[in-house]
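Please read the following report alongside the sequence and the three-dimensional view.

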Amino acid sequence: IGEDDAYNRTVIADALITCTEFFQLRDASSGELIHGMEDGSEPEEIVHNVRFEVITQKDEEDRTMRKVGSWKIVDLDDMLEGNIFY
């Protein structure tokens with residue numbers, strides 16, 4: 001496929017985002033801690049790998065330019081194994 005054929009293109013960007021997290025999963029009825037950190041625990045610094053994706057299209061009026069769509073988060077910490085053409 002040549003340059004003239006590439007009407008749509010997908011742009012993928014990976015970002016490492018550092019967060020301070022305090023994580024708890026509790027039973028809604030009993031309040032029992034099911035998973036995560038005990039009350040009084042210190043928040044932890046965590047780095048997440050976030051994959052973003054956007055579709056660009058050729059601009060019909062100016063073929064040298066591209067229209068950029070909306071960025072979407074398509075994977076978090078490789079849970080979807082990068083989501084390549086998922």
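The report below covers salt bridges, backbone angles and a surface patch.

This is a predicted model, in which local features need pLDDT of at least 70 and side-chain atom pairs count only at pLDDT 80 or more, while totals for chains, interfaces and linings use all residues. Residues are numbered from 1 along each chain as its sequence is written, and side-chain values use heavy atoms, with hydrogens and water left out.

**Salt bridges**

When the whole structure is searched, two salt bridges are found, a salt bridge being a side-chain nitrogen of Lys or Arg within 4 Å of a carboxyl oxygen of Asp or Glu. In one of them, R51 and D14 are joined through their side chains, with an N to O distance of 2.7 Å. Because R51 belongs to strand β4 (residues 44–58) and D14 to strand β1 (residues 8–21), this pair ties together parts that are 37 residues apart in sequence. Strands here are DSSP runs of E with at least two residues, numbered from the N terminus.

In the other, D39 pairs with R26, and the closest N and O atoms are 3.2 Å apart. D39 sits in the loop between β3 (33–36) and β4, whereas R26 is part of strand β2 (residues 24–26), so the pair ties together parts that are 13 residues apart in sequence.

| Residue | Relative accessibility | Class |
|---|---|---|
| R51 | 17% | buried |
| D14 | 48% | partly exposed |
| D39 | 57% | exposed |
| R26 | 32% | partly exposed |

**Positive phi angles**

In the segment after β6 (72–76) lies D77, a residue other than glycine whose phi is positive, near 55 degrees. D78 is also placed in the segment after β6, and its phi is likewise a positive value in a residue other than glycine, near 60 degrees. D77 is partly exposed at 30% relative accessible area, and D78 is partly exposed at 46%.

**A nonpolar surface patch**

Which residues form a nonpolar patch on the surface? The patch is formed by V11, V68 and W71, which together have about 290 Å² of accessible area, as computed by the Shrake-Rupley method with a 1.4 Å probe, where for residues only the protein chains shown count as cover. Patches are made of residues with over 30% relative accessible area and no salt bridge, like charges being joined within 9 Å and nonpolar side chains (Val, Leu, Ile, Met, Phe, Trp, Tyr) within 5 Å. W71 is located in the loop between β5 (66–68) and β6, and with 45% relative accessibility W71 counts as partly exposed.

Methods: Helices (H or I, at least four residues) and strands (E, at least two) are DSSP runs, numbered from the N terminus. Buried means under 20% relative accessible area, exposed over 50%, partly exposed in between (1.4 Å probe, protein chains only).
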